[in-house]
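Biologist: I would like to learn how to read a structure like this one, feature by feature. Could we begin with the chains and then go on to single residues?

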Amino acid sequence: MTFYLIRRVAIGILLLFLMSAMFFTLTRVTPGRPITVGENPKIHQSVINLRLHRLGLTDEQGNSYPIPQQYVLYLGALLHGDLGDSYLNNEKVTTLLMQRLPNSLLLLGVALLVALAIGIPLGIFAATRQYSKLDITTSLVSYIGVSIPSFVLGIYLLLIFGVILKQSPLHWGFPLFGMHTGGVDDPIDLLYHMVLPVTSLAILQIAIFSRFMRASMLEVLHQDYIRTARAKGLSLEKVNYKHALRNAILPIITLVAIAIPQIVNGAIITEGIFSWPGTGQLAFQAVVTRDYPVILGVVMLVAAGTILFNLIADVTYAIADPRIRY
Amino acid sequence: MAQVPPLPIGPAGVPGAVPDQLSVETTVQQERDLAQPGARADEFGVAPELGFWRLAVIRFLHHRVATGALIILSIIVLSAIIVPIITGDLYRIQDYRHPFKPPFQSLQHLLGTDDLGRDELARLLRGARVSIMVGVLAVVGYLLIGGTLGALAGYYGGWLDNALMRFTDIIISAPFLLVVIAVTAATGGVRLTTVIIVIAATGWYEIGRLMRAQFLVLREQEFVQAARALGASNARIIVRHILPNALAPIIVSATLGVSGIVLLEAALGFLGYSIPPPEPSWGNMLQNFEQYLLDDQAYLVVFPATALVVTALCINLVGDGIRDALDPRQR
């Protein structure tokens, strides 16, 4: 187990290196110098040189470093926890990320919890009542859920709750954009603002979780030991929720780890649509303005998070299921 | 050997699978008849044998939802191909006297007009073209890259296998959307060809892994050993013996892949990283959604969004229908 852990961590770090090299090269061969983005055209050459030097792109005289050297500089800074400076804001990428990360974690965490809390029971009920109305409805809804991308869902939600309901005689709806200035200090208001973005992020995951849970539960229910348990006279509830569920729910751990990059993907656009001040919105803006260090920073952060969560999922799996050994 | 009626399902359509049903006395002529299903099979007292693929088509047509989805999808695809040829430049003709014409009011602009007075229906159909073209071409790319690499990795193993798995690990742990955007930006300018190539180059791993898994299982099977014993070359074994047996899940995955790409292309267009503006796509038609929603022009948002969802849903349903048709055991 220890050896396995060490190996996995080593592979993870190697992956991060490869990815940073890949993306660094990509962002550096991109046409357009960073200084051309959102800068006063009358700026003096020496200021440009100074800024390019500060960004780690040139030496003091304004001569560009070759890309491998730039990468080594970038890596050196990365090891000190420095992801470079944003081209657009005069800020460090790490500062920007740290400002936004708590908001994103809040949104993504709640969305994931909601998805798990709804998706898993839905899948279990659908499986224990196979071919019932509930089962068919669940399959149908999860089908549609998979086919709607989160940004289209977000737009639909804005239309229904932000426009149609507000104009209806009810004059009621959820706030369209952003987080209230109160932020985390005002939980009720925060919750109110979270409803739409969380819904639009959670639907896809609910669809995936319930589908997967149903399949996993059905598979377990058809196994011999379940029939044995029923044959020896245990009640249906006990067999379903004690014997079957324990085995069926295990693969969900892995699924959650897989779901994380998906949610992050969705969050990039969803946060942009709902003006949620998180990392996704940061990436959204960085993409629109082509602020590559920020894009690179977000990619690295997400990749590190994904690798970490995959590792945690595997370890949890091994703890939860003693049959698995590494 | 007793006369066993041929199984209606299974590897019957696969070349080389039929002759094991023949008794010793069968003449050459009868053997030929069996090889051509249905020709003179009634002499044997068995029903005309249907091939694997024909049976699959029949099973698919029995699946009502999937057939319905296929019909809707064909209507969308056909009108996306044909209508823009007839209407020509209608999608970009601007009529400044009639911007934001509401839908269902006149036959001239059935779905209304957008902010520049362009016909919304013409733009939707033109956009369908973009979505479907990107979807189909990128999946062809998936199949070429993923299929080839997956097959080779699964068949030969070794370093290629390792490289494939590591590449997949990298792609899976990065946010795919940002990857595509970064690569698109790096390859200079946003053009449709770039978008297709980038999607194909970064998204093929799913089909690659599936192909690899298929090949890993199939290469150990007896019919492959038999082919090898008969002296077939590796290339022949891969193409003639393993590939036909590995196809079913690949076809399903490719079909579902199209809907994934259609949605991805829309997301890219929405972010301004797909086909550039004068040309409409369902994604970039949604770009000004905030303004449309706040100004009461919701139809300009609803139409492209709904077109997107309906298309993706239909492709998924067809894909599932194909899955059920190709593998009747799995349901």
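Biologist: What percentage of the 331 residues of chain B count as buried?

Modeller: This is a predicted model, and in it 40% of the 331 residues of chain B count as buried. Chain B has 13 helices and zero strands. Among the contacts in chain B with a separation of 6 or more, 64% join residues 24 or more positions apart.

Biologist: How do I read a pair of packed helices?

Modeller: Two packed helices are described by the angle between their axes and the distance between the axes. Take helix H4 (residues 120-156) and helix H13 (residues 299-326) of chain B: their axes come within 11 Å and cross at roughly 35°. The crossing of H4(B) and H13(B) is right-handed.

Biologist: Which residues make the contact of H4(B) with H13(B)?

Modeller: H4(B) contributes Glu120(B), Leu124(B), Gly127(B), Ala128(B) and Ser131(B). From H13(B) come Leu300(B), Phe303(B), Pro304(B), Ala307(B) and Thr311(B). By class, the residues of this contact are six nonpolar, three polar and one charged. As for the spacing, an α-helix has 3.6 residues a turn, so residues three or four places apart point the same way.

Biologist: How many residues does each chain give to the contact between chain A and chain B?

Modeller: Chain A gives 39 residues and chain B gives 33 residues. On the side of chain A that touches chain B, several helices give two or more residues, including H1 (2-29), H5 (133-147) and H12 (292-320) of chain A. H6(A) supplies the largest share, eight residues. The side of chain A that touches chain B has 32 nonpolar, six polar and one charged residues.

Biologist: How do I read a nonpolar core?

Modeller: In soluble globular proteins, nonpolar side chains tend to be buried together. Here the largest nonpolar core has 160 residues, and those with the most contacts inside it are Ile295(A), Val299(A), Leu178(B) and Ala267(B). Helix H10 (residues 234-271) of chain B gives this core its largest share, 18 residues. Leaving out residues up to four places away in sequence, Ala267(B) touches Pro149(A), Phe151(A) and Ile269(A), along with Leu177(B) and Gly283(B).

Biologist: Is Phe24(A) buried or exposed?

Modeller: Phe24(A) is buried, because 22 other C-beta atoms lie within 10 Å, and the cut-off is 20 or more. Phe24(A) lies in helix H1 of chain A. Apart from neighbours within four places in sequence, Phe24(A) is in contact with Tyr71(A), Tyr74(A) and Leu296(A). The C-alpha atoms of Phe24(A) and Ile67(A) are separated by 8.8 Å, although the two are 43 residues apart along the chain.

Biologist: How many of the eleven residues of H11(A) are buried?

Modeller: Eight of the eleven are buried, so H11(A) is largely enclosed by the rest of the structure. Among the buried residues of H11(A) are Thr279(A), Gln281(A), Leu282(A) and Phe284(A).

Biologist: What should I look for in the backbone angles?

Modeller: Most residues other than glycine have a negative phi. Ser275(A) has a positive phi, near 50°. Ser275(A) lies in the loop between H10 and H11 of chain A and counts as partly exposed, because it has 16 C-beta neighbours inside 10 Å. Just after H11(A), Arg290(A) also takes a positive phi, about 55°.

Conventions:
Residues numbered from 1 in each chain as written. Chains lettered and ligands numbered in written order. Predicted model: local features only at pLDDT ≥ 70, side-chain atom pairs only at ≥ 80, totals over all residues. Axes fitted to C-alpha atoms, helices over the stretch in contact; angles between N-to-C directions. Helix = DSSP H or I, 4+ residues; strand = E, 2+ residues; numbered from the N terminus. Left-handed = near helix turned anticlockwise from the far one by under 90°. Contact = placed C-beta atoms within 7 Å. Nonpolar A, V, L, I, M, F, W, Y, C, P; charged D, E, K, R; others polar. Buried ≥ 20, exposed ≤ 12 C-beta atoms within 10 Å, placed from the backbone. Core = buried A, V, L, I, M, F, W, Y, C linked by C-beta atoms within 7 Å.
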